[in-house]
Amino acid sequence: MKAREKEYKFIYTVLLIIFLSFLAYPIVSLLAKSFQGIDGFTLHNYSEVLKNEGFVIALKNSIVVSLSAAACSLGLGFLLAYTLNFTNVWPWLKKTISMIASMPMLLPTITYGFAIIYSFGKQGLLTKLAGFQFFNVYGFGGILMGYIIYTLPTSFLLLNNAMKQIDKKYLLVSRLMQDLALRSFFMTILRPLLATLATCLIQCFFLSFTDFGIPASVGGRYHVIASLLYSYMLGSIPDFVRGAVVAMMMLLPSILSIIIMQYLQRYQIRYQQVSETILKRNRLRDSLLGTLSSGICFALISVFAVIFILPFIRQWPYQISFSMEHIYAVFKDPQLLHVLKNTLLMAFGSAVLGTLFTYAAALISERSHIGKYKCKSLDALSLITNTIPGMVIGIAYLFIFSGTPLQNTMPLLIVCNVIHFFSTPYLMLKESLGKMNASFETTAKLMGDSCLQTIVRIITPNARYSLIEVFSYYFINSAVTVSAIIFIAGAHTMVITTKIKELQYLAKFNEVFVLSFVLFAVNLTVKYICARLARKGKQYE
């Protein structure tokens, strides 16, 4: 057992060095940069930024639009999840709702803005069909819609997973006690979900508050803190010290969210056993919620329809005829093909390395006996990486790795993604490994297997389903991310999301939609293949 502990301690040391090198050191250096003055340490940078009217307005705008989007996403996500778990709508409709609600995750957020412009703008597809413009797409309205679309999948997945864990026999008990419908709803469904609802609201707010892609395309004159940070760092006249200050200010919601989510853990209700029961038939409820959920899904499809239509239109809105010229043009352009290859390489590399990295961390946490505090430290790192904005990580890397051999390289982009998206895959694998038989290692030791042989022969086959899910998660999120890598991708390592930002300035929207369409197709294919493999592998768990 001591030999096994040495091997696990070695793995833990390697993981710790990587976190210190690519998370702790960059963030601490960024903090030091924010206090840097001509004569050394100074608080003047912070006082100057806080007194700046533009920063105050951007911060206020970010809070208002993020809270609004989080509240809307929470309501919509709850409605969709409730329809799936507590109604008797058709099974095929439930599958369709689940699939469409997760669809926005397959596209980068910067594309959302262009989809909104070409759907609801003055010359937009939906504007043309309706005969009038619904709202001004630039500013608060466009950002709000984009944030709702962006955070809805997160809200839906969190609430849907939580509702699956509710013991439905309490619905029957409440019915037998002749509780009123409203009281029954509150006691058996809403009350067990209070902690999840609060966590969901915080997560959606945080995602909106730190997103750069949506305001980059539809922000207009409605400045938010993410766009302000971008202008400081990559504007016409960069101001790195102010950028460092704003980046550190963006960490304040991260710290607050960590404290709140830790506090909310004590209110989580866990059932000893989750039992199913036949839901009471209610045609009014099923018809109403089925219609509302279908309407939400239809609205999502309507917004993204332009991505699947415009690449095949000759020139919108002046020559509305079928054409493949935009598709051919992209695949004939060596620069755009290079960008596509970079994206696939980065996503695949991040998925492979990220899966190995998080698997090693989860093994330490759940299958080793190297010490309680060492395992807890990995849980803490998971919580930290979940709340640090991608833009902050990207700016920290920009400062630290400029002038080094890693500057603007593919390995740096891959490492950035592995650290940025560490939290969710780690928790997925941790849960999977925690459910396995605790005597696996003891039995393997008695048979003379080494630690590595035990992992390869016994643990890994039983974790196959979760490993495939983690690979899929890393691939898709790495392919669509923009907030972190926009600061560290160079001309030779440009990927689709950073290329879209460049094409925006050149007003080449046909190329934007073709690249978005290709990226969606790639992500959908990877998700489908991984889902098929995962279903085959689930029998081993």
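**Group meeting talk: a walk through the predicted model**

G243 touches L229, Y232 and M233, leaving out residues up to four places away in sequence. Contact here means heavy atoms within 4.5 Å. G243 itself is found in helix α13, residues 240–264. Helices are DSSP runs of H or I with at least four residues, strands are runs of E with at least two, and both are numbered from the N terminus. At 0% relative accessibility, G243 counts as buried. For that term, buried is under 20% relative accessible area, exposed is over 50%, and partly exposed lies in between, with a 1.4 Å probe and protein chains only. One distance for G243: its C-alpha atom is separated by 30 Å from that of G349, 106 residues apart along the chain.

A word on the source. This is a predicted model, where local features need pLDDT of at least 70 and side-chain atom pairs count only at pLDDT 80 or more, while totals for chains, interfaces and linings use all residues. Residues are numbered from 1 along each chain as its sequence is written, and side-chain values use heavy atoms, with hydrogens and water left out.

Next, a helix pair. L229 and M233, both touched by G243, also belong to the α12 side of a helix contact. Helix α12 covers residues 225–234 and helix α18 covers residues 390–401. They pack at an angle of about 10 degrees, with axes 11 Å apart. The axes are lines fitted to C-alpha atoms, for helices over the stretch in contact, and the angles run from 0 to 180 degrees between N-to-C directions. So α12 and α18 are roughly parallel to each other. The cut-offs: under 35 degrees is roughly parallel, over 145 roughly antiparallel, 65 to 115 roughly perpendicular, and the rest oblique.

Who meets whom? From α12, A226, L229, Y230 and M233. From α18, M391, I395, L398 and F399. The residues of this contact divide into 8 nonpolar, no polar and no charged. In that count, Ala, Val, Leu, Ile, Met, Phe, Trp, Tyr, Cys and Pro are nonpolar, Asp, Glu, Lys and Arg are charged, and the others, Gly among them, are polar.

Now the core. The largest nonpolar core has 167 residues. By nonpolar core I mean a set of buried Ala, Val, Leu, Ile, Met, Phe, Trp, Tyr and Cys residues joined through side-chain atoms within 4.5 Å. F304, Y359 and Y397 have the most contacts inside it. Its largest share, 13 residues, comes from helix α16, residues 334–367. Take Y397. Leaving aside neighbours within four places in sequence, Y397 is in contact with F22, P26, S402, L412, V415, C416, I419 and I488.

On to N408. This residue sits in the loop between α18 and α19, the latter being 410–420. N408 has a positive phi of about 55 degrees, although it is not a glycine. Most residues other than glycine have a negative phi. At 32% relative accessibility, N408 counts as partly exposed.

Two polar side chains next. N160 is found in helix α7, residues 140–164. N160 is buried, with a relative accessible area of 8%. Which side chain does the side chain of N160 make a polar contact with? That of N85, at 2.7 Å. A polar contact is a pair of N or O atoms within 3.5 Å; within protein, one must be able to donate a hydrogen and the other to accept it, and residues adjacent in sequence count only if both atoms are side-chain atoms. Setting aside residues up to four places away in sequence, N160 touches A81, L84 and N85.

S302 lies in helix α14, residues 283–309. Buried or exposed? At 13% relative accessibility, S302 counts as buried. Its side chain reaches the backbone oxygen of F298 at 2.7 Å. Beyond neighbours within four places in sequence, S302 is in contact with S119 and L126.

P317 is in the loop between β3 (313–315) and β4 (319–322). At 16% relative accessibility, P317 counts as buried. Not counting residues up to four places away in sequence, P317 touches Q123 and K128.

F186 has its place in helix α9, residues 181–190, and has 39% relative accessibility. F186 and I459 are 273 residues apart in sequence and 42 Å apart in space, C-alpha to C-alpha. E48 lies in helix α2, residues 44–51, with a relative accessible area of 32%. E48 and V245 are 197 residues apart in sequence and 9.8 Å apart in space, again C-alpha to C-alpha.
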